[in-house]
Amino acid sequence: MHYENLYPSPSSLMESLRDIGYSMETALADVIDNSITARATDINIDFSWNDAKPWLAISDNGHGMDYQELLLAMKLGSLNPLEFRKDNDLGRFGLGLKTASFSQCRELTVVSKKENSISAMEWDLDQITENPDTGWKVKVLDSNDLHQVVELNELLSNLEQKSSGTIVLWRKLDRLDSFDSLAIREKKLNSIIDHSRKHLELTYHRFLNAGSGKKSIRIFLNGGRLEGIDPFNVAHNATLELPSQSIYVDSKKIKVQPFVLPHYTKVSPQEYEKYSGDGGYLHNQGFYVYRNKRLIIKSTWFRLMPKEELTKLVRVRVDIPNSLDHIWKIDVKKSNASPPEVVRRGLKQIISEVEYSGKRVFKQKGHRLKSKVLEPFWNRNVVSGKVSYEISKSHPLIDSFKNKLGDDLRNEFVNILSSVESSFPSDLYFNDFANSPENVVKPRVPTEELKSIIKIFLPIYKNEKLSKEQIVEKITQIEPMASHIDLSLKIIEEMELE
């Protein structure tokens, strides 16, 4: 028996690694993970269309790498995922820098400074393809080589002023559809970068907004500072923070913190829209799994329960340490995870408690026990725990109209009102309000119709010798004037002048 060395073909392997599923935002996040692990406090993402030769660079002020460290970092599979990692290490397989970069570009240049020494190396996939016999030889760049790279000029100048740091430069970005016109390709790149910005603001929100007593990390995109997006809206006093719980696996703690976001009536329309996220509240409910405070998977119940309207405000933060990567099946991109059975059981138990609280928020908001309107068109009745809504037969407008009718027509009119109230579309209303409360609006009464209604009441209250203030108060407590107060006040004022 003997063994043969079967070295992988560099060009074939490199090309294959390009298609393991990275998007621009997950690729950027993988490189930023390295910057955070290197204790960077400032991270800059710069990109340029560069006359149809686009480039992108991620630079930081982390502790940097010397020549040997950079050489190891440029090696595929530089770290064994089974090896012990420090608690703050966001890495996993030792592939992120290379696979993330190659997924977006064909030329990767890394420049790093440590202890006043600058080292630089480069992978060029075109060169590897054209020279398949050169093997796994990475290009080492000297000072003259670096200063010939126009895209690095300003970045190098900034690096030289720092005590340490790293630049990751992507050139030959070839993932934009080549059959599109240059104008469309440029527009697509800008759109992809903008989408990536939102992804990073969510993924790293706990680093961007570290809180009092902790130093936040700053990330800039072409000079503009990213603002962390907290999916739990913890800062709002109407957010319901339920008791946190812990699940232990191999003596390692998984912390589970449930939240119920504020109901639509508790926040401004702008804030409600902001925290709905892409796809809306229904889509974004579920578990948000963080590995060392870095979001790796969001808005999933892991098939433990369906996504329902009544639970759409429920989001659960799950914090896992990197020492449990193996049981969570963290993938290379760090954008997916699957909990083991022992964790699933713990999460399912927690869900049952959280689900009740989330539904209660919606059900409570469905109650309107007492209206400030003294003469509403609809009355709410509760009998044996059953809630029903009925048209107020004693409403002044209805009373006034009934008094003008004969007995037969009066009875017919009351029957019509009963038919209307029995046909109240409660299912449709509840579904619309639960799904998009901001889009459920009351119909507006036209000005002329409102004026005609006010003309009915104004003489009545004047004959009662009431003051103007008392008349206005009484009229604006009757529907539909109560729902159109500003317009009603204006109409009353005009009638007074007449």
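The model is predicted; local features need pLDDT of at least 70, side-chain atom pairs count only at pLDDT 80 or more, and totals for chains, interfaces and linings use all residues. Residues are numbered from 1 along each chain as its sequence is written, and side-chain values use heavy atoms, with hydrogens and water left out.

Among the buried residues of α8 are Arg185, Leu189, Ile193 and Leu200. Buried means under 20% relative accessible area, exposed over 50%, and partly exposed in between (1.4 Å probe, protein chains only). The buried residues of α8 pack against elements including α2 (24-37), β1 (42-48) and β13 (294-300); strands are DSSP runs of E of at least two residues.

The largest nonpolar core has 46 residues, and those touching the most other members are Ile32, Ile45, Leu56, Ile58, Trp170, Tyr204 and Ile219. Helix α2 gives the most to this core, with seven residues. A nonpolar core is a set of buried Ala, Val, Leu, Ile, Met, Phe, Trp, Tyr and Cys residues joined through side-chain atoms within 4.5 Å. A second, separate core of 34 residues includes Leu242 and Val316.

His484 lies in the loop between α18 (468-475) and α19 (485-497). With a relative accessible area of 5%, His484 is buried. A polar atom of its side chain lies 3.0 Å from the backbone nitrogen of Val445. Asn284, in helix α11 (residues 280-284), is likewise buried, at 3% relative accessibility. The side chains of Asn284 and Lys298 are joined by a polar contact of 3.3 Å. A polar contact is a pair of N or O atoms within 3.5 Å; within protein, one must be able to donate a hydrogen and the other to accept it, and residues adjacent in sequence count only if both atoms are side-chain atoms.

Rings of Phe, Tyr and Trp (its six-membered ring) pair if their centres lie within 6.5 Å; planes under 30 degrees apart count as stacked, over 60 as edge-to-face and the rest as tilted. By this rule the count is 10 aromatic pairs. The ring centres of Phe401 and Phe413 are 5.1 Å apart and the planes are at 65°, so this pair is edge-to-face. Phe401 is partly exposed, at 39% relative accessibility, whereas Phe413 is buried, at 17%.

How values were computed: Helices (H or I, at least four residues) and strands (E, at least two) are DSSP runs, numbered from the N terminus. Contact means heavy atoms within 4.5 Å.
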